[in-house]
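Please report on how this protein model is put together.

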Amino acid sequence: MSDLAELYAKLQASETCKSLLKKHLTQERYEELKDKKTSFGGTLADCIRSGCENLDSGVGIYACDPEGYTVFAPVLDAVIKDYHKVDKLDHPPSDFGVDKIDFGDLDPEGQLIVSTRVRVGRSHASFGFPPVLKKEDRLAMEKVTVEALNTLEGELKGTYYPLTGMSKETQKQLTDDHFLFNDSDRFLRAAGGYNDWPTGRGIFHTPDKKFLVWVNEEDHLRFISMQMGGNLKEVYVRLVKAIQTLEKKLTFAKREGLGYLTFCPSNLGTTLRASVHIKIPKLSQTPDFKAFCDKYNIQARGIHGEHTESVGGVYDISNKRRLGLTEFQAIQEMRRGVEAVIAEEKKLSGK
Ligand SMILES: Nc1ncnc2c1ncn2[C@@H]1O[C@H](COP(=O)(O)OP(=O)(O)OP(=O)(O)O)[C@@H](O)[C@H]1O
């Protein structure tokens, strides 16, 4: 049996798997796609390996490279529509709406929000995604990225620290402090996300660590703006400035109707995830917490990243939708959700 056939057989055989991959990779689609290849050399096996090896995946499929979104569109489009809850793939043009901002600090009394972070993902148009990348590709990508980052000025001026050569202690401290990624996500690992680790990976940050760039983690690039407290406006405006500056220096993968392309289909479109770490010991204990989040299109995570648990009643609350709406609409959705969470927590604690 071929590698792909074995992966698919495993997925088919599972009675417990509830992933979007399992739901949408029908026999018919499998037959249609099984022999296709992108010009980066990407295959269906590259896209579905993680979801077949991790049958508890939520999504279960990654794109092998930017072109994978076209070549494997029959299954990826179905997953994208389902995940982002859209009927059509007609993502609007970017609109950061900086001139329309009508929010500032979401928790001016500083009672509940510990910190605020907004990130976007970007992919170089000319490179594949982790399953098809070779060591030389990662190094070449790191080089062009760092050249562009080194031109940033003012509050965005910073230094690039490659992971190669960084001490374990420094890495651990940066990760524990929520600044750096690590290689502990088994879904990403199975998708090839940690191949040749740590070559080509690194972090760029300003001295105050309010603007950071992850290089070659899950995505080629992650631009991150963060700070303590709840001032969403400051965090968002800083990020938009960085995106718009870097867009003039680098060419990012984009597709009509899908927006900016990322490795995981759950991130494409705006690619924007705006989050707060917030103390909600009461609300999080109610049986309706999940339904409450669903109502506002927000998602709750543990505070050490996706697939982690909450610590001491502190949760990561962020916008869930990234496709089919503008960046400004996504940030507003997060803002409204967080305001509702704060109001509910205060109500439940009798404040
Ligand atoms: N509001 C926040 N304040 C401080 N740290 C945060 C905040 N939101 C996320 N983080 C930290 O960012 C790191 C990455 O988190 P996580 O992997 O969940 O999200 P991500 O970077 O948006 O990517 P993905 O959604 O692909 O997993 C973690 O260390 C997490 O604690």
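## Helix 4

Eight of the 10 residues of helix 4 are buried, so the rest of the structure largely encloses this helix. The buried set is Leu-44, Asp-46, Cys-47, Ile-48, Arg-49, Ser-50, Gly-51 and Cys-52. Buried means that 20 or more other C-beta atoms lie within 10 Å of the residue's own; exposed means 12 or fewer, and partly exposed is in between, with C-beta atoms placed from the backbone. Helices (H or I, at least four residues) and strands (E, at least two) are DSSP runs, numbered from the N terminus.

The buried residues of helix 4 pack against helix 1 (3–13), helix 2 (20–24), helix 3 (27–33), helix 5 (68–71) and helix 9 (186–190). Contact here means C-beta atoms, placed from the backbone, within 7 Å.

## Basis of the model

This is a predicted model: local features need pLDDT of at least 70, side-chain atom pairs count only at pLDDT 80 or more, and totals for chains, interfaces and linings use all residues. Residues are numbered from 1 along each chain as its sequence is written.

## Overall fold

The protein has 12 helices and 10 strands. Its radius of gyration is 20 Å, close to the 20 Å that the globule rule gives for 351 residues, so the protein is as compact as a globular protein of that length. That radius is taken over C-alpha atoms, and the rule is 2.2 Å times the number of residues to the power 0.38. Along the principal axes, the C-alpha trace spans about 60 × 50 × 40 Å.

Buried residues make up 46% of the 351 residues. Of the contacts with a separation of 6 or more, 72% join residues 24 or more positions apart.

## Two domains

The chain is divided into domain 1 (3–84) and domain 2 (98–349). These bounds come from an automatic or database domain assignment. The domain centres, taken over C-alpha atoms, are 25 Å apart.

At the boundary, 22 residues of domain 1 are in contact with 23 residues of domain 2. On the domain 1 side, helix 4 (44–53) and helix 6 (73–84) each supply at least two residues. Helix 6 gives the most, with five. The domain 1 side divides into 12 nonpolar, six polar and four charged residues. Ala, Val, Leu, Ile, Met, Phe, Trp, Tyr, Cys and Pro count as nonpolar, Asp, Glu, Lys and Arg as charged, and the others, Gly among them, as polar.

## The annotated span

An unreviewed UniProt entry lists residues 3–85 as "domain: Phosphagen kinase N-terminal". UniProt positions follow the numbering used here, feature names are shortened, and annotations may be inferred rather than shown by experiment. In the model, this span is 59% helix and 0% strand, and its end C-alpha atoms lie 32 Å apart.

## Nonpolar cores

The largest nonpolar core has 48 residues. A core is a set of buried Ala, Val, Leu, Ile, Met, Phe, Trp, Tyr and Cys residues joined through C-beta atoms within 7 Å. Val-213, Phe-223, Leu-239, Ile-278 and Ile-317 have the most contacts inside this core. Helix 10 (residues 232–247) contributes the most to it, with eight residues. Phe-223 touches Arg-119, Val-120, Arg-122, Val-213, Leu-239, Ala-242 and Ile-243, leaving aside neighbours within four places in sequence.

Apart from this core lies another, of 40 residues, including Phe-40, Val-71, Leu-133 and Leu-268. Val-71 is found in helix 5. Val-71 is buried, with 21 other C-beta atoms within 10 Å. Beyond four places in sequence, Val-71 is in contact with Lys-36 and Thr-38.

## A buried arginine

Arg-117 lies in strand 1 (residues 113–122). Arg-117 is buried, with 22 other C-beta atoms within 10 Å. Not counting residues up to four places away in sequence, Arg-117 touches Ile-224, Met-226, Val-235 and Ser-275.

## Open helix and chain end

Is helix 8 (residues 168–176) enclosed or in the open? Of its nine residues, the number buried is zero, so helix 8 lies largely in the open. Just after helix 8, His-178 takes a positive phi of about 75°.

Leu-348 lies in helix 12 (residues 327–348). With 14 C-beta neighbours inside 10 Å, Leu-348 counts as partly exposed. Leu-348 and Leu-283 are 65 residues apart in sequence, yet 7.0 Å apart in space, C-alpha to C-alpha. Leaving aside neighbours within four places in sequence, Leu-348 is in contact with Lys-282 and Leu-283.

Conventions:
Contact = placed C-beta atoms within 7 Å.
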